[in-house]
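Please study the sequence and the structure before reading each solution.

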Amino acid sequence: MSLADKLKDKKVLVTGVTGFVGEALLHRIIGELPGTTVAAIIRPKGSLTGADRMAQLLRKDIFKPFYGEGTEYADAEALSAARIHVIDGDLSDVPELPKDLDIVVHCAGDVSFDPPIHEAFTTNVLGTKSLLERIVETGRPVHYVHISTAYTAGRRRGAIPEAPVEHLVDWRTEAEAGMAMKARIEEQSRSAPMLAKFRKESEKLHRRAGHLTAAADTERRRIEWVAKRLVETGTERARSLGWTDCYTFTKALGERVVEEFSGTLPTSIVRPAIIESAVQSPHPGWIEGFKMAEPLILAYGRGELPEFPASPDSVIEIIPVDHVVGAICAVMATEPELSKPEYYHIGSGARNPLTFEQLYAGVRAYFSKHPFDLGERGAVRLPVWKFPGGDSVETMLRYGERAHKIADAVITRVPRGERTRKYARELDVQKRRLDFLRRYMDLYSEYAQAELQFIDDNVLALHNGLEGDDKEKFACDTSVVDWQYYLQELHCPSVTESMRRLDVVRKKRNKALAESAGVLKKVEASTSDTAKVIAAFDMDGTLLSSNVIETYLWMRLPELDGPQRAGEIGAMLRKLPKLIAAEREDRGTFLRTIYRRYAGADLEELNQIVDEILAEHVLERLSGAAVRRIREHRAAGHKTILITGAVRPLTRPLEPLFDEIVAAELAVDDRGRCTGFLSGPPLVGESRAAWIKHHARQTGIDLSKSFAYADSHSDLPMLSTVGNPVAVSPDVSLFRAARAARWQIVDWKTPSTSSRLELPGVQRSGGSAR
């Protein structure tokens, strides 16, 4: 009798139908089991109900042959109405189930190898228990088919029988402890020592930007620490009890729950190995999302996986998804006895092993014929794996991590510039690669070094028991798979398709032109906008090549004679290390320290020095690209604002360009002489953002359409305030923040008509002021 006949008029509940295996199983039931109907528990997502998500699923290409012209069903909705009953819900709160169920196939579960411990128990253990309780409530002898994993065997070696996993772990005790970990770790993260640690790390990076910026980053670090500790706790608890990771650990405990219910429900436990793309159905190479091997294959193809911690003769247990689904359908048609669960390993190592050396050879052969194209750099240079062993790979990785840490510490302290940002970008790429390698080495090294042989006699018996063309429709004998053909002609082409589409897009795009044009386009688009818009500009480092110490010397030296100039320059050089350190700690304090040196200067004389001597020098330093951008904003009807920590006299040459200038105001006594203090706090860091927000509230400015331009990490709050932030020739910290936030990054070159060593109004020989 065919499977279609055995399963005719059966109602099958499937969980996890929107997942990889669940979707393939639904496809097979609809296509090959015409007399079988499906009930599906689907979690609502956002505004979408379970029925909405099922409709989306059925509109995928693999389901289109089942409806439309020439078929029994006119459209996806008709197909769903005739064959599928959707139940809104999920495993955290399993709804009441239909009373006419015959079979339940539990595909849903947390399939991440490194889930937070409480989430893994919620889904893989407690969710399974809740589902089984709901099935028992139906009062029917429902055949329960539990989809587990072959790796519930844990860190054992040798032959693994199709039988219960031998262990003495109490799933109730472990579930209770695992669920309690979230509250315990959350509480630990809020202790004074931990909060102090997070705060100091954040302030080291963000103190110049402001306390609130540092506070937000402190909380981000705390939350990330909690998430990381929950993952680490799950991994360590699993390994302490003999499993590879939290996923296999909780799946094994989930099996214990299932075994307890097997006295009430006839039960089958299906244990697939590493599920990958299809050989035949729904079509050759079909795969949804990235599974276990895909990130590694893509990383190798892009030249980013120099080695792998596996022995070349170790077996990797890959199984095509259509073989898994074929076996599940065959299991659905069996009739296990109560209290005697049946176990099925779906793997390939027992009769058609694929070694890591063969996997490497197949993937390398594919990329040798079809390399990724990196544009100007040409084809990727593929790494040559020598399989030196797990310890050697770990040593290589640790060396790379240490070297990167040292290089990163250096790059954040060197003077900014295009070359510095280039090195920073390269270091960031290297960091992503190292983080990728660390994560996947930690996750997969256990699997790569496992020496397991999953006995699959029961699955082979299922295959041999299929009649007629069912042996082709529901094939589950992996001995027929040609691994080199599968890797080179089916699997690798499928998993690289999306990446190649991205490469085509990259080749057509000139990044530098796109970045520049992107800002211009936004400026032009807002010309016809009725909203009030501002364009706020920083000065030093953004509009012109200068810094506060440099501009202070411009102002002070012209009024001093030769010996006084030498003394002033010498004093500044002696203080320079402390000034640099102060600037990194708190820019407001740094500015106040510099401006104290104006004590005794006549403010009107400073204005005169700027007008008569410095104006030309300041304008010579002004970036032509900056001037053009300011004029574009004014032409668009935007209000242009210069907001700077420089003293107001220095901004006088720029007054024609701006509608408003906000600068540091030097306090004077009743004789008009500077006191060495400011008349108010300098606008730096978060105070700039506060000023812009206050100005916007008073004048009706739409900040979501406004612009801001700055070069320093201390300006991060100001840039975050507007909808169109632009990082101009940024320092490394702002450069990284801008890239992470996908902000515009531009380089505005400043003229080199005068040397930075030449002081305005001072002859090169040290003569008097002009």
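**Exercise 1.** How much space lies in the second largest cavity?

*Solution.* The model is predicted: local features need pLDDT of at least 70 and side-chain atom pairs count only at pLDDT 80 or more, while totals for chains, interfaces and linings use all residues. Residues are numbered from 1 along each chain as its sequence is written, and side-chain values use heavy atoms, with hydrogens and water left out.

Step 1. A cavity is a set of points, on a 1 Å grid over the protein atoms alone, where a 1.4 Å probe fits but cannot get out; its lining residues have an atom within 4 Å of a point. A volume is the space filled by probe spheres set on the points, which are joined across faces, edges and corners.

Step 2. The second largest cavity holds about 30 Å³ of space.

Step 3. Its lining includes Asp 540, Tyr 595 and Leu 650. Helix α19 (548–556) and strand β13 (639–647) each give two or more residues to this lining; helices (H or I, at least four residues) and strands (E, at least two) are DSSP runs, numbered from the N terminus. The largest share, three residues, comes from α19.

**Exercise 2.** Is Asn 352 buried or exposed?

*Solution.* Step 1. Asn 352 is placed in the loop between β10 (342–346) and α12.

Step 1. Buried means under 20% relative accessible area, exposed over 50%, and partly exposed in between (1.4 Å probe, protein chains only). Asn 352 counts as buried because its relative accessibility is 13%.

Step 2. A polar atom of the Asn 352 side chain lies 2.9 Å from the backbone oxygen of Thr 478. Leaving aside neighbours within four places in sequence, Asn 352 is in contact (heavy atoms within 4.5 Å) with Thr 478, Ser 479, Val 481 and Trp 483.

Notes: On a 1 Å grid over the protein atoms alone, a cavity is a set of points where a 1.4 Å probe fits but cannot get out, and a pocket is an open set with protein on both sides within 12 Å along at least five of seven lines; lining residues have an atom within 4 Å of a point. A polar contact is a pair of N or O atoms within 3.5 Å; within protein, one must be able to donate a hydrogen and the other to accept it, and residues adjacent in sequence count only if both atoms are side-chain atoms.
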